[in-house]
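Here are a few exercises to work through with the model open. Try each task before you read its solution.

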Amino acid sequence: MTDAPADAGPVIDVHGLNKHFGDKHVVKDLDMQVQRGEIYGFLGPNGSGKTTSIRMMCGLLTPDSGTGTCLGFDIRKQSAEIKRHVGYMTQKFSYWDDLTIRENLDFIARMYEMKDRKQKVDQALESLGLASRAKQLTGSLSGGWKQRLALAACMLHEPRLLLLDEPTAGVDPTARRDFWEELHRLAAQGISVLVSTHYMDEAERCHKLAYIAYGSLLAQGTAQEIIDSQQLTTWSLRGDNLVQLGSDLRQQPGVDQTVAFGNALHISGKDADALERTLKQVAAERHLQLEPAETSLEDVFIYMMKQSTDNFAEAGA
Amino acid sequence: MSRPHPFSIARWWSIVLKEFLQLKRDRVTFGMIVGVPIMQMLLFGFAINTDPHHMPTAVIAQDNSEFTRSFVAALRNSDYFRIVDSLPDEQSGRAALAQGKVLFVLNIPPDFTRKLVRGEKPSLLIEADATDPTAMSAALAAVPQLVQSVADKDLKGALAHFNGSAAPFDVNVHRLYNPEGITQYNVVPGLMGVVLSMTLVMMTGLAMTRERERGTMENLLATPVRPIEVITGKIVPYVVIGLIQATIILLGARLVFHVPMVGSLIAVYCAALLFIAASLMVGITLSSLAQNQLQAMQLTVFYFLPNILLSGFMFPFQGMPLWAQYIGNVLPLTYFNRLIRGILLKGNGWLDLWPSLWPLMIFTTVVMLIAIKFYRNTLD
């Protein structure tokens, strides 16, 4: 791990990446920088191009256009080098069900030509807590265990960058929390992580975030920066029959979006004054409890997705 | 409350529709549904001929007279024999037979005409490659008649008295390699290639598509492993399996069917190894083309059919029309059948094997290049 390029500058630095599948433009002009030791969250609705972007960064897909480096290696020409130093965890569990846990780890260790293979595999089994079940077939593991095994396997060759594609999908909350604690431990050791997720609580645990929809990167920065960038004002209304209230409010001036959170309704809008006037009037008329609320990351994401859906529909029409 | 329908037509119909929709979208399966019967019909209908005609024949004319020319012409006119070559001596005749260039060699001895005129009842010699007994039987059965017709035509005037009840000259037939005409001697060695190509092509065909279908391919591609490492690494176990199969068939051929093994065992295994390599490369290539395991199976069948029918395993190669022989000539099983029968039954050495070895080598190399080209190192 003495190669110079990785220590200087961002670990991921890509510019203007484009990818088409047939006539579908899956990733559009993607620019992204990830710094060393950063946990970088990659968010966006299903089919927005997250997986494709990650695959391009680790050399599994060739971009149609654009340039970039990953750990200082050219993503077009040096994918072999990238693969050697990147740990990639696929969205779908992709280890061999018909091999035992130890056999899977051993196979991966051999793929990376690790010298102290046996020791590393033993260590991984130990820290996974799977040492006693090393001879169990991988296919018989539960979802949570498979996910832990996958992380251990992609960490085995001590990569400097982890690319994790929805690693916690379908994993229970405790296992997810443990998983994220592990990620923060790794980041503290200087390992960079690019992780895609749908969970807001996970997004909030990232150092930086990028939000992508329909192939376009809509926002990038810390959670606060992303929230600020949209300049939304949010209020909270408490009361009954929020669904009806929401659809009524959406017609009103200043209201851009309503989202129900339990027994409260979050109402956001760009035009702060118009929104306040509308809401105060409605609250007074219907005797509802109105209070200002923090614009949450989720409000912002829903807002951005809605905006880009509208743009996409317009572009399509 | 009414009881639920024991059989709902609407539900049943929606299953029918779903199956049609899925079938329609599986292009390869759809292609096979149409392609396989067409191919079978064409091959069985046009290519296969269990009573082969126009079989390649060489002539060693050590005597050249009206009679010999007349006999050669009669051979040609019989439609069974196609004179392709004229050879100087017996040795080159044997070599042509060993290499499978010709199936018959007609040897006319030096003093044939003189003896004929003297009424000494001379003999012509036909040496036949009898490895495939069914291929020759009809042709050889026609020979006595040819003798008679030549006699009727040419022995006139002063020579007419020779043309009595008995034929004026004899045709001795030497059935080489399989003198008793035992069909098993031909079929059992041929089985080796059939078994090898069926199991090996299918198993390697599935090996790669299985990785893709289960999603493990993406994992494999994310590691630094190189295409050539994956391809060659994946085929090694099947090389071992292929050699075990070859051994089983050899043992069966020897112990159960008493097939003669005239040639060297080393040559058998070398030929088998080369054929195993060719089959495995085909399998890997098919699995790169197929989207899933089912398609890989179907492509295997599609590859297997012409190999079985046109390689000379089931039906005499020389009996097929030329276009079918051309197709047969690009199939590896054709060459392997010649090699294995050549070694076991004819005792061919390397020199005689070479004409069938090099096409197999070229085939293997070309398919390997295709396999590597089609192996996608990315998910593109």
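**Exercise 1.** Find the stretches of chain B that UniProt lists as "transmembrane region", and say what the chain does over residues 357-375.

Solution. The unreviewed UniProt entry lists residues 28-48, 187-208, 235-257, 263-289, 301-324 and 357-375 of chain B; such annotations may be inferred rather than shown by experiment. This is a predicted model, where local features need pLDDT of at least 70, side-chain atom pairs need 80 or more, and totals for chains, interfaces and linings use all residues. Residues count from 1 along each chain, chains are lettered from A and ligands are numbered from 1, both in the order written. Now take residues 357-375 of chain B: 95% helix, 0% strand, end C-alpha atoms 27 Å apart. Residues 263-289 of chain B come out at 93% helix and 0% strand, with 39 Å between the end C-alpha atoms.

**Exercise 2.** Work out how H10(B) and H11(B) are oriented to each other.

Solution. Start with the helices (DSSP runs of H or I, at least four residues). H10 (residues 265-289) and H11 (residues 293-310) of chain B pack at about 135 degrees, axes 9 Å apart. Angles run from 0 to 180 degrees between N-to-C directions, along lines fitted to C-alpha atoms over the stretch in contact. Next, the residues in contact (C-beta atoms, placed from the backbone, within 7 Å): B:Val282, B:Leu286, B:Ser287 and B:Leu289 of H10(B) meet B:Ala296, B:Leu299, B:Thr300 and B:Tyr303 of H11(B).

Note on methods:
Helix = DSSP H or I, 4+ residues; strand = E, 2+ residues; numbered from the N terminus. Parallel < 35°, antiparallel > 145°, perpendicular 65-115°, else oblique. Contact = placed C-beta atoms within 7 Å.
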